[in-house]
Protein chains: 2
Amino acid sequence: MKISYSPARPCAFEQVSHWDIETDVIVVGFGAAGACAAIEARASGAQVSVFEVAAAGGGSASWSGGEVYVGGSGGTDVQREHGFTDTTEDLQAYLMMAGGSAADAARVKVYAEQASQHFDWLRAQGVPFKGTYLPGKWIEPPTDDTLLWSGSEQAWPFNEQAKPAPRGHTVQFTGWGGGKVLMEVLCQRAIDAGAEVYYNTRALSLIADADRQVRGIVVRRDGKDTFVRARSGVILCAGGFICNTDMVKRFAPDAAECELPVTGGNDDGSGIRMGMSVGAATLNMHEFFATLPFFPPASLVKGIFVNEQGRRFINEDCYHGRVAHHVMRQPNQRAWLLVDNEIFGRPIIQEDIKVTAVGETWEEVESELGLPSGSLVHSVNEFNRYAETGEDPYLHKSQDWLRPLTEPPFAALSYCKGDYQGHAFTLGGLSTNPDGAVLDADGQPIVGLYAAGRTACGLPRWGEGYSSGLSLGDSTFFGRQAGKAASSRVS
Amino acid sequence: MKISYSPARPCAFEQVSHWDIETDVIVVGFGAAGACAAIEARASGAQVSVFEVAAAGGGSASWSGGEVYVGGSGGTDVQREHGFTDTTEDLQAYLMMAGGSAADAARVKVYAEQASQHFDWLRAQGVPFKGTYLPGKWIEPPTDDTLLWSGSEQAWPFNEQAKPAPRGHTVQFTGWGGGKVLMEVLCQRAIDAGAEVYYNTRALSLIADADRQVRGIVVRRDGKDTFVRARSGVILCAGGFICNTDMVKRFAPDAAECELPVTGGNDDGSGIRMGMSVGAATLNMHEFFATLPFFPPASLVKGIFVNEQGRRFINEDCYHGRVAHHVMRQPNQRAWLLVDNEIFGRPIIQEDIKVTAVGETWEEVESELGLPSGSLVHSVNEFNRYAETGEDPYLHKSQDWLRPLTEPPFAALSYCKGDYQGHAFTLGGLSTNPDGAVLDADGQPIVGLYAAGRTACGLPRWGEGYSSGLSLGDSTFFGRQAGKAASSRVS
């Protein structure tokens, strides 16, 4: 009988005639989740084999800015040193809002309670954090500083339910690219701890028995299908699916609007598909991180977005990814950022942003944009009238970013579909419990199978609630959890 | 070895020692999709066994209004008789919009091309349609008439991309409840055609072999687990999951806001879970139909909804379910329907609707609602100013429903969370091709497995795009498709 299998279709254990490799714990993918899973599995005494499709470790995390979203327990030492207290309750409240209606209370609780310790653990692995604080509003720090405001903490409605604190802790590296440093350290730690890493090796399929227990994987290595037995557990840390056009169209069609995938190149959804092949449930597959970095310069945050009805629709001081989701779903996907002469500057990430209208009066701008007569003018006047008094009763933009737009010339920067490029990665994935066990349609664990990072639906699971550092925080922490849990059957 | 199985975990074929029942085609669920699947499978020469958990057939369809969304091919004879032409292209364009960004072009095409013939087929089965036309705006016809406007056809933005035509074809029955007649006829037809129906029988699990082929099901009957072999195919027509609180919280948390499930009582998601157990992909699991029936009387459609910013947000003349989704996602889930004395009437489905504010001027209403000074007044003034000229440049409400709100007293009916009860059913389900074959994570068919109705993610897959009659149209048509396809291996 020919054995057939694919990521979407498990190989039957009963048909495997020999094992090429035998180990305790298999880790698929050597990114942030995989490296941390390997470190903890080794610490639990398991023999660990990591299979990485690329020629080197790091995954998409090594392309990131290296921000880790941590706090709680009164504050990390970096938060406290710079005068920020951060209770576990505030972190928990923030993370619940960040997850939206699909937030996972159990996962959030575990993370909020242990995030500060997790930060200490990352440093104990050798990940460098300078310990300094960078005030202001940034997408990624341009310096090698540590602590920054990396989400919507100070913005409505988040600031009403959780006391704001900066929680982005950035790996020491000057400029954008701290993720590379983070991953060099973590991968080396996993190797030093004794994890055996197979590069250039693609995971083809899970191996499951008639009782639906996961017993190993099939990998393609040196052109040959290779059967790998896991005596204790298989951990899927193979990233999300932003690189898989078919999956994006099928599961997260709105993400297809964003031309720029945020990825190291191997987020092909194979981990998620392998989980589904043995009956795993998936959660929030339609959700994705998206952004259109309309600042820096931060002065642009003082501008106001309007849609084709001339109306505002978002407090522009919330996280840029939250703004992006709101911009993308305006009628006919048309929106403009209105600025006056004082705050104007070209967005440094998209310097060639199209300026659709310029005028000495807002009436001129409205007319050039072809909006209903009086619509934009009314929105600007209302905004200005209240901004004078330091209020925004409509959209609750915070006082720091309120300034009447009264200094001509005025301009409208286009964030209409086609005029900007969106950045995106997927947030949906396998359903897991806080230990990383993959859950089936009834919420029961699939014996022998674990997942973490973007292969799982983790802490970050709602585009509108995303904050920088959530994905790395989630991947590293829950990767560790999975590494421990997957070692539980090591004798 | 003890055999273990559940809806989320298949029973291994290799472990089944005997068959209690053997048949060609198994149909799980005797609702709209199941009855039509059984009829077509019998017509294809298959031996057919239907397993229904309830004591009688009909499913949730028998609780519906009995509207079937059909048209195209120039129009059904009922459409044409009343002067409406309806091209296949217009139906197709409308259905693509109705599906939103996740619309399935192949499925829409097949349906648009064959919907008019499908209507003839329903009549050939004996389903009664009077053939008359009921003008006006209704949620369900209060008469025994046939043809009505049952969606957003005449409303923006639908009317810009598809020439409007009424497409709701309602089974003859005076008042709400045509679904009961529809299902009596279809179930009897299936029985007369020779389908063997087992009532009071719960499907427990699929039976799949090591090659992931579906070979039968386990059912609980007379307190005993009973093994049923399907020589050709298993069709899952077990409804959606609105009755399963755990699944709603996990997969469609926003639907949990709606207190009133639209169901015959057995939409427990078992069909979807059985599909997932053998590696089926699910689509749009977060989506759901929702409504808050704010009319009739239809005069209320001339009112305008505003949110806590005093702003309008939807053209109130679109389908009531589309309005509902927009109402439910306003900031803090607060919205009010503003009416004047001329159009006021108590909504007949929720007569005790809370009237939060009444005033002789709109300023009084705004103040009673505690909205930002000038906000509501501006919205009403803008609406009135343009309504005078028969225009709504902001939200494109059609001229028929535009009338200035100028006759005091004025009132605000509350559609804030807690003040209304939402109705809902789920729209997410198994991924299938237009023939009804269930697809895995790679989009490949799972041999021997089919699904239709709300167990599948069908034509209706986006709450904002729903139209009355889409679910029955989809269930009956794609139930037939699955019945044919599942019989393909009958020798």
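Two residues are in contact if their C-beta atoms, placed from the backbone, lie within 7 Å. In this predicted model, that criterion links the two domains of chain A: 18 residues of domain 1 of chain A are in contact with 17 residues of domain 2 of chain A. On the side of domain 1 of chain A that touches domain 2 of chain A, seven residues are nonpolar, eight are polar and three are charged. Domain 1 of chain A is assigned to residues 1-291 + 421-491, and domain 2 to residues 293-414. Taken over C-alpha atoms, the centres of these two domains of chain A are separated by 36 Å.

The arrangement of the chains was examined next. Chain A superposes on chain B by a rotation of 180°, with 0.0 Å of shift along the axis. The RMSD is 0.0 Å. The two copies are thus related as by a two-fold rotation axis. Both copies use the same surface, as 100% of the contact residues of chain A recur in chain B. Among the residues of chain A, A:G279 comes closest to the rotation axis, with its C-alpha at 2.5 Å.

In chain B, one glycine was considered in detail. B:G178 lies in helix α6 of chain B, which covers residues 178-192. B:G178 counts as buried because it has 28 C-beta neighbours inside 10 Å, and 20 or more are required. Neighbours within four places in sequence aside, B:G178 is in contact with B:G65, B:G66, B:T170, B:V171 and B:F173. B:E140 is 38 residues from B:G178 along the chain, and the C-alpha atoms of the two are separated by 9.6 Å.

Terms used. Residues numbered from 1 in each chain as written. Chains lettered and ligands numbered in written order. Predicted model: local features only at pLDDT ≥ 70, side-chain atom pairs only at ≥ 80, totals over all residues. Helix = DSSP H or I, 4+ residues; strand = E, 2+ residues; numbered from the N terminus. Buried ≥ 20, exposed ≤ 12 C-beta atoms within 10 Å, placed from the backbone. Least-squares fit on C-alpha atoms with pLDDT ≥ 70 in both. Domains from an automatic or database assignment. Nonpolar A, V, L, I, M, F, W, Y, C, P; charged D, E, K, R; others polar.
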